[in-house]
Amino acid sequence: MDWWTTILDLSQWKIALTKQSLKLRSYVVATAVEAMVLISYCANLQFTLQTISGEIENILTSSLNKYSTNRAWQLFWDQFQQHYYCCGSSKNTDWFQTAWVSPINLSSFSLLKKYTQQNGKFIIPAAPISCCLPDSICDTFTDGERPDPQKYFQNSCSSIIANKINSIASTRYLFYAVLVIQIISAVVKYEGYTDNDQNPTSKL
């Protein structure tokens, strides 16, 4: 009856091996689906955050012109620049090309005539006092006579926000790490399965 016992054991082993194979295939399929979902999620996250970063920079750039007419934007720029030690949207000289000073603040008609552009905009090559470095002395109209970007904070304010956004995007590396672990686990399980498949007598 030894041969009958051997056949019975072999049949049971094949059944167990088939169940193991199904479990392995299910695990591999689940891992593959998870990989595609994570890759898609990370790609969409990166694209979305880049889009948001670009839109924020556009909003900041367009708001420079509202500095003299909108109290909320004026407070925002002054507080943000002083708190984060930044100046302008993409660079500190953004203010140099922006009509951020109200002509009603002028003390003489000659200044109005000097800094009024052909398009009618009053643009003075200087930045708000909130951009001024702590060890520098800044005065809007004096600085306009001798523009010096080195007197102001060198970091752009949009880069400060972009760095905050990028810190969120960095979480995708955690997802990639989980994905790698899942793939390694699937490979280990597969190799263990193939070893058992090639050595059926080890189970007898």
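**Cysteine pairs in a predicted model**

Mentor: Start with C87 and C131, which are both buried. Keep in mind that this is a predicted model.

Trainee: What makes C87 and C131 a disulfide?

Mentor: Their sulfur atoms are 2.2 Å apart. The cut-off is within 2.5 Å, so the pair qualifies.

Trainee: And why is that disulfide of C87 and C131 called right-handed?

Mentor: Because the torsion about its S-S bond is about 100°. C87 sits in the loop between α2 and α3 and C131 in the loop between α3 and α4 (140-145), so the bond ties together parts 44 residues apart in sequence.

Trainee: How do you know that C132 is buried?

Mentor: Buried means under 20% relative accessible area, and C132 has 13%, so it's buried.

Trainee: What about C138, buried or exposed?

Mentor: C138 comes out at 16%, again under 20%, so it counts as buried. C132 and C138 are joined to each other, S to S 2.0 Å, and with a torsion of about 80° this disulfide is right-handed.

Trainee: Which cysteine does C86 pair with?

Mentor: C157, at an S to S distance of 2.2 Å. C86 lies in the loop between α2 and α3 (109-115) and C157 in helix α5 (residues 157-169), so the two tie together parts 71 residues apart in sequence.

Trainee: How many disulfides does a search of the whole structure find?

Mentor: It finds 3. Number the bonded cysteines in sequence order and the pairing reads 1-6, 2-3, 4-5.

How values were computed. Residues are numbered from 1 along each chain as its sequence is written. This is a predicted model: local features need pLDDT of at least 70, side-chain atom pairs count only at pLDDT 80 or more; totals for chains, interfaces and linings use all residues. Side-chain values use heavy atoms; hydrogens and water are left out. Helices (H or I, at least four residues) and strands (E, at least two) are DSSP runs, numbered from the N terminus. Buried means under 20% relative accessible area, exposed over 50%, partly exposed in between (1.4 Å probe, protein chains only).
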